[in-house]
Amino acid sequence: QDGPLVLGIETSCDETGVGIVRGHTLLADAVASSVDEHARFGGVVPEVASRAHLEAMVPTIERACDTAGVKLSDIDAVAVTSGPGLAGALLVGVGAAKALAWGLGKPIYGVNHLAAHVAVDQLEHGALPEPCLAMLVSGGHSSLLKVEDVTVGVDPLGATIDDAAGEAFDKVARLLGLPFPGGPHIDRSAASGNSVAIDFPRGLTSRRDLERHRFDFSFSGLKTAVARWVEAQQRAGATIDVPDVAASFQEAVCDVLTRKAIDAAVTHGIDDILIGGGVAANSRLRAMAVERAEAKGIRVRVPRPGLCTDNGAMVAALGAELVARGRTPSALDLPADSSQPI
Ligand code: KG4
Ligand code: ZN
């Protein structure tokens, strides 16, 4: 077995993740989620998330070590998400990572959450294609990034100007009476619906919008359009065909995401697109991205769904790459930086 043994900690949102990798090999990916505690609020509550991280941190570290069959003293380096994310939540992970690194006398690497979403793919498909165009779509972000060297950083080309893609899925699911988080429910419901039943708007795709927002996204207009459509049906006393609405909404989101990702890759002369974040689990997004990219000679890589959502393995994966490429570790007083670029 080759490569450094790295433990990664992720606490930027509502998942307490601890992953252990050796080089490109995943040994453990323990995740404790507080999603159920947020469900009744319809979104993540920062205070609730921080407390849940505190409670879950030590047991999750122990679970990861047990699964990997390693002792903490075997670890070569500790990596931790230092931002962007919820300030209080990040602090819990960064504090735990500092304590571990200091106690073990091992280097600590503060990593960018989005770069970690990109690096995780090497656990599934081996060495990253660099440069690549990364599309990260989750409940918290919707970004197109150019990645030349993932250990140096990610270069934002565009992002959502309002709601994140996952947020749109969650809000529309709520309108349709589906549980939180809504993405998987919309995905499932859409499978039996007609995606051309309703012609929902594609945000920031008009010629005028493209001049200023070529690689940006907007999903709040789409969400409003779905809400209006549902209201109009209810006023008319018509029943709402949930699968048709879900499929038509999903088609609109996937259409814009894939169109812009491919446009960005072509514009920047990049042959590989990597998709990450919770929404990358969407079956229609995967199929559409592959089909449209292949038509342009572009390859698409999507890690399996379990690696797309927030987890500690992605942080460990990037940490292992930082060690492998000889990057300088962070200082032991590294700050949690909730507003880190992108
Ligand atoms: O990366 P992630 O676990 O963490 C956040 O950034 O919150 O992403 C969660 C998001 C949620 O909005 C969820 O509804 C969405 O990813 N999601 C999906 C699917 N699975 C999860 N959206 C669409 N289709 C899916 N199959
Ligand atoms: Zn994320």
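This talk covers an annotated site and a nonpolar core in one protein model. The model is predicted, so keep that in mind throughout.

I start with the site. The UniProt record, an unreviewed entry, lists H113, H117 and D310 under "binding site". These residues span 198 residues in sequence, but no two of their C-alpha atoms are more than 8.8 Å apart, so they gather at one spot.

Take H113. This residue is found in helix α4, residues 113–119. Is H113 buried or exposed? A residue is called buried if 20 or more other C-beta atoms lie within 10 Å of its own. H113 has 25 such neighbours, so it counts as buried. Setting aside residues within four places in sequence, H113 is in contact with S12, T81, G83, P84 and G85.

Now D310. It sits in the loop between α12 (305–308) and α13 (312–324). D310 has 26 C-beta neighbours inside 10 Å, so it is buried by that cut-off.

In soluble globular proteins, nonpolar side chains tend to be buried together. Here the largest nonpolar core has 110 residues, and I273, A317 and L318 have the most contacts inside it. Helix α10, residues 242–267, gives the most to this core, with 14 residues. The core draws at least three residues from each of domain 1 (5–120 + 311–324) and domain 2 (132–302).

Last, I273. Beyond four places in sequence, I273 touches several residues, including C132, L133, A261 and V300.

Terms used:
Residues are numbered from 1 along each chain as its sequence is written. Chains are lettered from A and ligands numbered from 1 in the order in which they are written. This is a predicted model: local features need pLDDT of at least 70, side-chain atom pairs count only at pLDDT 80 or more; totals for chains, interfaces and linings use all residues. UniProt positions are given in the numbering used here, feature names are shortened, and annotations may be inferred rather than shown by experiment. Helices (H or I, at least four residues) and strands (E, at least two) are DSSP runs, numbered from the N terminus. A residue is buried if 20 or more other C-beta atoms lie within 10 Å of its own, exposed if 12 or fewer, and partly exposed in between; C-beta atoms are placed from the backbone. Two residues are in contact if their C-beta atoms, placed from the backbone, lie within 7 Å. A nonpolar core is a set of buried Ala, Val, Leu, Ile, Met, Phe, Trp, Tyr and Cys residues joined through C-beta atoms within 7 Å. Domain bounds come from an automatic or database domain assignment.
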